[in-house]
Amino acid sequence: MSPLYILASSCISPQPSFLCDDLRMDIRCTENNMLHCLEPDFKNYINPVQIRRMSRALKIGYATAISCLNQNPEIVPEAILIGTGKGCLEDTEHFLHSIKEYNETALNATHFIHSTYNQLNGMIALNKKISSYNMTFVHRGFSFEHSLMDAALLFEEDKIDTALAGSFDEMTLEHFTVKKHWGYWKKEDIRSLDLISSHTDGTISGEGSAFYMLSRLKPEHPVAAIKHIAPLYRPSNDDIAEAVDNILQIHSLKKEDIDFVLSGKNGDAKYETSYQHVGQLFGNTQKLYFKHLCGEYDTATSFACWLASKILTTQFVPDYLFDTTETKQAIPKKVRHILIYNNYFDLNQSLILLSLEE
Amino acid sequence: MQDLQDLKQTLKVQIIESLNLQGMTPDEIDDNAPLFGEGLGLDSIDSLELMVLLERNYGIKIEDAREGRKAMESVNAMTQYISEHRTK
C-alpha cells in the first residue's frame, strides 16, 4: 500500500493529549472502570451557535479535527475519512427515548440529525468549505482502519495527495450499563493504570478522538508514516502469524527490526492468549501498552497510532507505556518501526505498521 | 389557565431549555424582538425544535408553514398563539 505520511495529528483522549507535542503528560487514572475524555475549552474551536446543539462526541471529534487542520492551514484536504464504531451515542439514546416517551410523535430534529454517523464529516466539510470526497466508516473495531485504508487506496490510485483521516467514539452511562450486563467490563472496580496486569474477565471502557493530516508525498523533514494496515476478522493464531510474516516480507523487515510492539492488551482474561501469541511471535521485542490510558472502544487503535507517531517523531518513549511487571529492554538508539496489534473482542483484530521516514 | 404574563415567562424558560441557549436568562429575551435572523438569531433547525416544544407542551400542531412563521415571530406572538390554540 501507499505510505500515509503524517503531516499533523491531534488527539483528545482521557489523557492530556490535546495540543501535546510530545508524550510528556501527567497521566490520569480512574477507579470506576470508565475513562472519559479530558475536554478542552471547545469555544476556541466551535462557534457559539453550533456548540449549543452539539453533544460531547461531536464537540470532541470536531475540536480534534479542527486543531489538526489548523496545524497546516494552507492545506485543504482532498478527502475527509472518519471511522466511528458508535457515532454520537448520546444523541442516539436521546432520540430513542423520545420515540418511546412521546409515542413516535413530536421528536426533536437535532437529536435525530446528530444521531447519524456521518454528522461529524458533514460539519467539518460545511464549516471548512471542503467539498471533496467525504466518507464515514462504521465497522465496529475496524472503523478507523477502514478510514486509513480508504486513504491508502485513494493515494495509490493517484486520485488525491492529502486526506484528513480520523476517528471519534464516546461512552455514555447507559451504553456502559448495557455492555456491563453483557460482560464487557470488569465486575470489580480497578485502577485504570493497573489494567494491563489484571487477569480477570472484562476490561474498562474508554473513548476518544484522533485525527491525522495524511499526505501521499513524503515531506522533506522526517515524519512518521503508516506503512501497512491489516484488518483480520476472527483470525486464528496461524492467520495472525501469516499476516505478521506478510507485513515483514512486504516491507523487507526482520522481526528484530520492529523496535516496539504496541499492544492493545486490555486486561480481559478472555483475550490474553491472542496477545500472548503475538508477544511470542516477536520474542524479546519490547512490548508497549495503551489501553490503560484510553480504555477499550471501537476506534482505540487511532489513539495507538497517535502514540506511535509521537514516539517516532520525538524519539521519546515514556515510562507509562511499559508494563512494570515485564523486563524492560534497552530502548533502541533510534526508534524506526512500531507495530500495533489490537484485538477488539476477538472479532476485529488488526496490525498497523508505523515507521519513521527520514 | 395561566395568565399571559406567566405563560410568557414559562415559554421563555422552555425556549432556553429546548434550544440550549447557554448562559441566557428569560429576562434577556426581548418580548417583541424577532426570534429568527436578527434578535435571538435562531435558524431553521431551531424552528423545528420550537414546533416540537409547542406540540409537547401545549398540544399545538402547526401544519401550515405560513401560520407557523407568523406564530413564531416573537415571544409575544408565540404567547398569543399558544393562548388561543392550546389544547393542554
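User: How many residues does the contact take from chain B and how many from chain A?

Analyst: In this predicted model, local features need pLDDT of at least 70 and side-chain atom pairs count only at pLDDT 80 or more, while totals for chains, interfaces and linings use all residues. Residues are numbered from 1 along each chain as its sequence is written, and chains are lettered from A and ligands numbered from 1 in the order in which they are written. With residues in contact if their C-beta atoms, placed from the backbone, lie within 7 Å, the contact takes eleven residues from chain B and nine from chain A. Helix 2 (residues 44–58) of chain B gives the most to the chain B side, with six residues.

User: What makes helix 6 of chain A largely enclosed by the rest of the structure?

Analyst: A residue is buried if 20 or more other C-beta atoms lie within 10 Å of its own; ten of the 14 residues of helix 6 of chain A are buried, so this helix is largely enclosed by the rest of the structure. Among the buried residues are A:Phe144, A:Leu148, A:Met149 and A:Phe155.

User: How do you know that the span of helix 6 of chain A is close to the expected one?

Analyst: The expected span is 1.5 Å times one less than the number of residues; helix 6 (residues 143–156) of chain A has 14 residues and reaches 20 Å from its first C-alpha to its last, close to the 20 Å expected. Helix 6 of chain A is followed by A:Asp158, whose phi is positive, near 60°.

Key
Helix = DSSP H or I, 4+ residues; strand = E, 2+ residues; numbered from the N terminus. Buried ≥ 20, exposed ≤ 12 C-beta atoms within 10 Å, placed from the backbone. Contact = placed C-beta atoms within 7 Å.
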